[in-house]
Amino acid sequence: MDASTAPFLVRHEFLIRRLHSLSGLIPVGAYLCVHLTTNASVLGGSQIFQDNVNLIHSLGPLLPLVEWSFIFLPLIFHAVVGVMIVRSGMPNTGSYPYANNVRYTLQRATAWIALFFILYHVFHMHGWFHVEPWMENVVKPLGGGRFEPENATASAALALQPIVVRLLYAIGVLASVYHLANGIWTMGITWGVWVTPAAQKRADFICLAFGLLLSIVGLGALFGFSKVEVPEAAATQSAETPEVNAQDADEPAIEEEDASTAARVPASERQ
Ligand code: HEM
């Protein structure tokens with residue numbers, strides 16, 4: 001087979017591998033850092049997290065465009081090429097049981113965990129597509145689409161209440177963080193940033209420190225949501241979020257005992 005008849009992916013393998021590598025760091029890896037840090041802001045209090053969500057949602061109609069350009073499409077590209085790499089790669093830990101081989105296998109294992117976790121997480125919080133029949137007939141009955149931007153802290157805390165959900169999130173977050181931190185190390189080799197054994201050793205420490213820090217941030221966010229008093233957060237956010245105020249101006253204030261229901265039911269549907 002000459003170069004002109006070789007499949008597209010084979011002819012452009014070098015460029016595709018470089019784009020795959022780059023997309024793992026920017027924007028996907030950078031987004032993971034921002035996302036986990038935003039979530040961890042709940043440790044500062046319910047209203048701080050709500051304020052951060054409001055800031056993001058102040059992009060208004062531009063938000064889906066920004067999300068698709070800088071998060072979903074690069075992530076889909078990284079995941080599709082990643083699956084092709086994983087399916088063609090052979091783990092070799094059996095023959096060479098050294099740290100790098102274990103890390104090589106873990107990089108691929110965490111890729112699968114991250115893939116399934118991200119699909120689950122986006123369904124659980126967002127519902128994938130905000131189209132009415134899909135949301136009402138599929139997402140809600142299956143327990144998805146739980147996050148309400150106007151009631152951010154209470155709805156997220158409520159969604160994360162079951163212990164099994166918290167466990168799934170902890171595994172998903174740790175796998176994604178490992179994948180990013182170890183990925184930065186392999187990237188440095190792909191791009192010739194750390195070439196000598198001494199430089200790679202230094203990079204080991206930097207990536208380990210980065211991974212530990214981001215793990216603390218990610219798990220800190222989960223801990224923060226577990227400490228949220230849901231009825232209190234729902235009531236505070238209803239009182240302080242402008243969109244909710246405007247919408248609910250003619251409605252009676254939410255009673256304390258109804259607040260957890262308020263977190264489940266969108267403001268537009270409340271009686
Ligand atoms: C949390 C989301 C993700 C982030 C932040 C991320 C980040 C990264 C980074 C920084 C690299 C290193 C690139 C290099 O070695 O040059 C990488 C490698 C890799 N990623 Fe991801 N990734 C994510 C999700 C995924 C998913 C969902 C898959 C597919 C199932 C995937 C598959 C791979 C594979 C196979 C590699 C190794 C490439 C190689 O060794 O040549 N990643 N990732």
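The model is predicted: local features need pLDDT of at least 70, side-chain atom pairs count only at pLDDT 80 or more, and totals for chains, interfaces and linings use all residues. Residues are numbered from 1 along each chain as its sequence is written.

**Around the ligand**
- The ligand is surrounded by 26 residues, where near means that the C-beta atom, placed from the backbone, lies within 6 Å.
- Closest to the ligand are S21, G24, G82, G183 and T186.
- At least two shell residues come from each of α2 (13-40), α4 (62-88), α5 (99-125) and α8 (163-190); helices are DSSP runs of H or I, at least four residues, numbered from the N terminus.
- With 8 residues, α8 gives the most to this shell.

**Where α2 meets α9**
- The axes of α2 and α9 (residues 197-226) come within 8 Å and cross at roughly 40°; axes are lines fitted to C-alpha atoms over the stretch in contact, with angles from 0 to 180 degrees between N-to-C directions.
- C33, L36, T37, N39 and A40 of α2 meet α9 residues including L214, V217 and G218; contact means C-beta atoms, placed from the backbone, within 7 Å.

**Confidence**
- The chain averages a pLDDT of 86, and 82% of the residues score at least 70; pLDDT is the predictor's confidence in each residue, from 0 to 100.
- Over residues 242-271 the pLDDT is below 50.

Technical notes
Contact = placed C-beta atoms within 7 Å.
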